[in-house]
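Here's a quick look at some aromatic rings and a helix pairing. Have the structure open as you read.

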Amino acid sequence: MKSSILSSDLHFHSVYSDGSSTLKEIFEQAAKRSVGAIALTDHDTVLGIPEEVQLSTQYGIDIITGIELTAKEEGLKFHVLGYGIDHLSQELINYSKSVLGEEWQKNLKQIKLMQANGIEIDEQSFIEAGQGGPLYRAKFLGVLAKYGYIKEEDVMNLIPTYFGSNAPYYMPDDYDYLSFEEVAKLIKRNGGQVVLAHPGKIKKKNEGLYHELIGQTALDGVELYHPSNGLDVRQELLGICQSRDLLITGGSDYHGLYNKKGTPLFGETLPQFVYEEMKHLIYQKNR
């Protein structure tokens with residue numbers, strides 16, 4: 001047990017989904033701090049967690065196994081965090097591979113379009129740039145920046161130009177995402193706690209759906225501390241969590257170079273009680 005918890009981060013992304021940082025780079029940053037626990041929450045995949053477990057042992061840093069699953073209701077995609085999941089579950093591994101396979105089918109079509117438009121980067125170079133994950137939009141542009149087609153500092157600004165609805169490389173996301181109920185059952189079947197990710201984003205897009213999700217009995221917690229949650233949302237969520245005895249979580253939602261808000265790892269300050277409420281989920285490496 002650590003006596004002084006200076007920082008923790010329970011929501012960040014790596015190259016296994018849409019982040020630019022490797023897990024080794026993330027652990028190197030974490031090693032410079034007195035960390036309570038960290039949780040990799042890559043999108044729709046547990047495939048990076050075995051490496052996370054290995055690095056946890058190497059660096060002596062506690063982890064909470066996690067995933068950020070995409071759900072879809074009323075035509076809106078949103079995210080649900082699963083904490084303390086069994087990342088070795090064949091069901092979760094199969095789900096991760098299914099999403100990865102679908103993403104790569106789309107990516108390969110986009111690569112061919114780019115090559116047809118004069119971007120002379122071979123398919124294998126794109127695949128290697130994925131580093132275990134698919135090429136989400138910003139990650140795709142990161143490859144173009146690496147080869148000098150665009151400037152690295154312009155990656156986030158150019159997403160609409162390359163992948164907006166009327167852009168040359170836009171392709172619809174046709175994956176059959178699960179409903180909130182289905183996502184919650186998937187997490188719970190695999191030993192996890194169900195936490196609604198950055199609820200402020202949902203409220204901004206569909207306030208009715210926001211209130212419906214917040215009231216779900218399957219919910220174990222809410223991500224209160226997130227860069228996108230304004231003070232009014234945080235105060236509202238705090239009252240809801242206290243009245244319903246829900247877990248309060250948080251994190252930077254770090255994506256490395258691909259951060260929309262530019263929040264660094266450990267850039268969202270989490271109160272001590274967040275760690276205290278979550279520490280029972282710390283992964284036991286000898287289990």
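## A buried ring and its partner

F27 is buried, with a relative accessible area of 0%. Bear in mind that this is a predicted model. Y59, on the other hand, is partly exposed at 23%, because buried would need a value under 20%.

By the ring-centre rule, there are 9 aromatic pairs. One of them joins F27 and Y59: the centres sit 5.9 Å apart, with 35° between the planes, and the pair counts as tilted. This pair ties together distant parts of the chain, since F27 belongs to helix 1 (residues 23-31) and Y59 to helix 2 (residues 49-59), 32 residues apart.

## Helix 4 against helix 5

Now over to another pairing. Helix 4 (residues 123-130) packs on helix 5 (residues 137-146) at an angle of about 120°, and their axes are 10 Å apart. That angle makes helix 4 oblique to helix 5. As for handedness, the two cross in a right-handed way.

Which residues of helix 4 and helix 5 meet? From helix 4 come F126, A129 and G130, and from helix 5 come K139, F140, V143 and L144. Sorted by class, this contact has 5 nonpolar residues, 1 polar and 1 charged.

## An aromatic cluster

Two names from that contact, F126 and F140, turn up again. Along with Y162, F163 and Y169, F126 and F140 form one aromatic cluster.

Key
Residues are numbered from 1 along each chain as its sequence is written. This is a predicted model: local features need pLDDT of at least 70, side-chain atom pairs count only at pLDDT 80 or more; totals for chains, interfaces and linings use all residues. Side-chain values use heavy atoms; hydrogens and water are left out. Axes are lines fitted to C-alpha atoms, for helices over the stretch in contact, and angles run from 0 to 180 degrees between N-to-C directions. Helices (H or I, at least four residues) and strands (E, at least two) are DSSP runs, numbered from the N terminus. Angles under 35 degrees count as roughly parallel, over 145 as roughly antiparallel, 65 to 115 as roughly perpendicular and the rest as oblique. A crossing is left-handed if the near helix is turned anticlockwise from the far one by less than a right angle, and right-handed if clockwise. Contact means heavy atoms within 4.5 Å. Ala, Val, Leu, Ile, Met, Phe, Trp, Tyr, Cys and Pro count as nonpolar, Asp, Glu, Lys and Arg as charged, and the others, Gly among them, as polar. Rings of Phe, Tyr and Trp (its six-membered ring) pair if their centres lie within 6.5 Å; planes under 30 degrees apart count as stacked, over 60 as edge-to-face and the rest as tilted. Buried means under 20% relative accessible area, exposed over 50%, partly exposed in between (1.4 Å probe, protein chains only).
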